[in-house]
Amino acid sequence: MPYGYYFDPTYILVLIGVVLSMLASGLVKSTFAKYSQVHSLSGITGKTAAEHILQMQGIHDVRVEHISGNLTDHYDPSSKVLRLSDPVYNASSVAAIGVAAHECGHAIQHDKGYIPLSIRSTLVPAANFGSAISWPLIVVGLFLGGGSSVLVKIGIFAFTLAVLFQIVTLPVEFNASSRAAKILETSGMLAGQEVKGMKKVLGAAAMTYVAGAASAILQLLRLILIANRNDRD
């Protein structure tokens with residue numbers, strides 16, 4: 001039975017990526033939900049924690065704003081705005097303070113000129129363009145076949161830019177979490193078991209980026225295998 005028509009074994013790579021992403025997503029949601037129920041002894045909110053951390057680091061030009069949604073927290077380096085979501089902004093839980101501190105970690109990276117963050121910011125336009133154009137090129141190239149393999153190769157190169165962005169994101173996220181954990185522990189905003197809970201939240205969140213990078217790499221490998229098989233055919 002010709003597997004190219006009935007079953008493509010490269011789908012296994014996609015399936016592995018999907019499973020990894022689902023497991024990581026489930027882990028971060030369950031961990032965040034658990035420690036969202038653990039209120040910090042300090043009683044400070046995510047917003048207050050973020051403002052304190054920024055002040056301690058001598059960063060006075062970053063605004064802390066509220067953004068709707070769940071775990072939509074992020075730092076925008078272009079406008080120097082740190083946005084905290086509904087379960088973080090006004091919440092005084094261990095999870096909320098941990099997430100707020102993590103986003104402050106990105107603001108600190110920006111202020112200190114952390115090289116991986118600069119590289120990631122530079123890659124954003126290329127990664128967005130690569131994600132948008134890669135699949136149309138690959139699909140058209142595979143459909144036309146023959147001399148159109150160059151379209152497939154260009155598409156794979158474009159997708160590689162998106163994969164590179166995912167890989168560069170890893171040290172950025174891990175470093176931000178490391179900065180957050182150190183600051184929260186030494187400042188006394190969290191203590192004892194609270195610190196352990198915060199690290200579990202940030203660790204679970206980091207796994208989503210690991211899973212995302214792994215999924216992207218597996219997808220890239222699949223595309224390369226398909227392109228090579230197409231050339232042989």
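Trainee: Which residue takes a positive phi in the hairpin of strand 2 and strand 3?

Mentor: K80 does, with a phi near 55 degrees, in a hairpin that has four residues between the strands. Before we go on, remember that this is a predicted model, where local features need pLDDT of at least 70, side-chain atom pairs count only at pLDDT 80 or more, and totals for chains, interfaces and linings use all residues. Residues are numbered from 1 along each chain as its sequence is written, and side-chain values use heavy atoms, with hydrogens and water left out.

Trainee: Is K80 buried, partly exposed or exposed?

Mentor: We go by relative accessible area, using a 1.4 Å probe and protein chains only: under 20% is buried, over 50% is exposed, and in between is partly exposed. K80 has 30%, so it is partly exposed.

Trainee: Now the strands themselves. In what order do they lie in the sheet?

Mentor: Strands of a sheet pair through backbone hydrogen bonds, either parallel or antiparallel. For a pair to count, DSSP must find at least two bridges between the strands. Here three strands form an open sheet in the order 1-3-2, and the pairing is mixed. Strand 1 (63–66) and strand 2 (74–76) are the edge strands, each pairing on one side only. From one strand to the next, the twist averages 25 degrees.

Trainee: How many bridges join strand 1 to strand 3?

Mentor: Four, and strand 1 runs parallel to strand 3 (residues 81–84). In this pairing R63 stands opposite V81, and V64 stands opposite L82. Strand 2 pairs with strand 3 in the antiparallel sense, over three bridges. D76 is the residue that stands opposite V81 there.

Trainee: Where do the side chains of strand 3 point, and which of its residues are buried?

Mentor: In a regular strand the side chains alternate between the two faces of the sheet. Strand 3 has V81 and R83 on one side and L82 and L84 on the other; all are buried, and both faces are covered.

Trainee: Which helix packs on the sheet?

Mentor: Helix 5 (residues 94–112) does, touching strand 2 and strand 3. Contact means heavy atoms within 4.5 Å. The direction of helix 5 makes about 25 degrees with that of strand 2. Such angles run from 0 to 180 degrees between N-to-C directions, with axes fitted to C-alpha atoms, for helices over the stretch in contact. Just after helix 5 comes G113, with a positive phi of about 70 degrees.

Trainee: How many aromatic pairs does a search of the whole structure find?

Mentor: One. Rings of Phe, Tyr and Trp (its six-membered ring) pair if their centres lie within 6.5 Å; planes under 30 degrees apart are stacked, over 60 edge-to-face, and the rest tilted. The ring centres of W135 and F159 are 6.3 Å apart and their planes are at 70 degrees, so this pair is edge-to-face. W135 in helix 6 (residues 115–144) and F159 in helix 7 (residues 149–187) are 24 residues apart, so to speak a link between distant parts of the chain. W135 is partly exposed at 32% relative accessible area, while F159 is buried at 11%.

Trainee: What does R222 touch?

Mentor: Leaving out residues up to four places away in sequence, R222 touches D8, T10, Y11, L13, V14 and W135. R222 lies in helix 8 and, at 8% relative accessibility, counts as buried. I224 is also in helix 8 (residues 193–232), but at 36% I224 counts as partly exposed.

Notes: Helix = DSSP H or I, 4+ residues; strand = E, 2+ residues; numbered from the N terminus.
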